[in-house]
Each structure stands twice: as C-alpha cells, then as structure tokens.
Amino acid sequence: MNSMHFTAETSSDGVIERDFTLGEVPGVLWSPASGSGRAPLVLMGHGGGTHKKAPAMSGRAHRLVTGCGFHVAVIDAPGHGDRPRTAHDEREIAELFRARAAGEPEGPIVVRYNAHLAERAVPEWLATLDALQELPEIGHEGPVGYLGLNMGTAIGVPLTAIDPRITAAVFGLFWHDSLAETAKRITIPVEFTLQWDDEHIPRPSGLALFDAFASKEKTLHANAGRHKELPRFEADSAVRFFARHLGRPAVTSAA
C-alpha cells in the first residue's frame, strides 16, 4: 500500500479533522488542536451501510479527542463511503434487501458478507496503523485502542486478534457465528454492548460472543431496546473505558 497523503484539513471546537488517503483507501484523522506532544490513538470501525464521517463516527471521535486528548482514525470499509462497490458487494446488498423485504432473517447474509469485508479490510487497517504510527504526534510507542459496533465488530475482532499493538477494545451488536473462535484469541480488556430486545441478533448469540473473549477483564453492557436503540451514554462509557486503559484521564466537566 502507498504512503499516507493528507488531502484536507479543518478545525473546530478544539479538534483538527484531516482527510487522508492511503493508496485507494480514504480515511479521516481527528486530533487535538493543542498539539501538546504525543497522545494515544483509537481506531474506529463504522457500521454497515455508513461511512467514515457518519454522525456516530464524528460524534464519538470528538468525545475522545476533547475528553481525553486522543487521536482518532476511521477508514471507509470496502464498498462503503467513497469506495466503489464490487460485483460481489452489489450481489450481497441486493440479497440483504430482498430478505428484508420478504421478512426473512438478515443475520445469515450480514454475517457472511461482513466476514468477506473483514478479509479485505483487516490488511488495510494494518497498513493504516503502520502509516499513522509514522506521524510524530502518534509514534510507535503509544497505546492503541479499537472501537467498532456492528460491522465494526466484524472487522475489529479479527484485526484485534492479530495485532498486538491494540491494547483495549470496545465491541458489540454482532452475531457470534463467524467471530467466536477468533474472539477466543483476544485477551486484552474488552467492553461489549448488546441490545436485550435486538430484533436481528438473538440474545443467546450476542451473549455467546461476549463469553468467547478470553479477556480477564471484560464488561458486558446490556441495554433494553431494539437493534438501533443503543443509548447514547454508551459513547461516554467508551470514552471512560479508553481513558482507563490507554492512560489518559477523561475530562468530566467543561473548564
């Protein structure tokens, strides 16, 4: 993969947002505007059908930057955001919409397609992390976290399982079918969220994935509600989780 090139930069509310490309992969890096020395990095994986600058991504990034002084990076997954879809992407998406319209379970299609996307995305994330650590404000010595729900979990679990640079992770809202065996290789601290009344992911499947992680420190956050009703306070919980495990105290009130 080629070197990282920054293509645009904006700044607001104490956060610098820089668009970049790494080969054909577009991404965005949010950083503290103060630029006071090196800081930990959090990688974030977006959900299926969204993109690197979706409101959930930018909102969580701003919380992590302003609350802890972290750097936060997101890349568009294959076939998402500014990346073209392959014929395989088009077939799987069409099959998902067909099943949804027919009232059939979406899980088997999502699990299969997301496993395919993970095979493509994990090498891209490895190369992205290599490039980010070359930046003087990040470096090779600082801790790295990963945050990703839904498809972000489908990609993040295999990524975290093979990259020892990632030392804490937030996952959730995914089936155990394709990930349980891989999750058994993860021993870092994990925070895991699920929706108790999820209409897509059976409760036993979500619990089975949480149970599969070999981490000595892992926390389950089970909230009442359907798949898309994850409480917003879970974003603040993720900030506190990374503050504990990446070595930066979270800001609890405005200065």
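How much space lies in the largest pocket? The answer is about 1,300 Å³, in a predicted model where local features need pLDDT of at least 70, side-chain atom pairs count only at pLDDT 80 or more, and totals for chains, interfaces and linings use all residues. Residues are numbered from 1 along each chain as its sequence is written, and side-chain values use heavy atoms, with hydrogens and water left out.

A pocket here is an open set of points on a 1 Å grid over the protein atoms alone, where a 1.4 Å probe fits, with protein on both sides within 12 Å along at least five of seven lines, and its lining residues have an atom within 4 Å of a point. Of the 40 residues that line the largest pocket, G47, G48, T50, N150 and K228 are the closest to its centre. Two or more lining residues come from each of α1 (55–68), α2 (87–102) and α3 (107–132), helices being DSSP runs of H or I with at least four residues, and α1 gives the largest share, six residues.

Helix α1 also meets helix α7 (residues 233–246), for their axes come within 10 Å and cross at roughly 45°, the axes being lines fitted to C-alpha atoms over the stretch in contact, with angles from 0 to 180 degrees between N-to-C directions. In the contact (heavy atoms within 4.5 Å), α1 brings R60, R63, L64 and C68, while α7 brings A235, D236, V239, F242 and A243.

How values were computed. Points joined across faces, edges and corners; volume = space filled by probe spheres on them.
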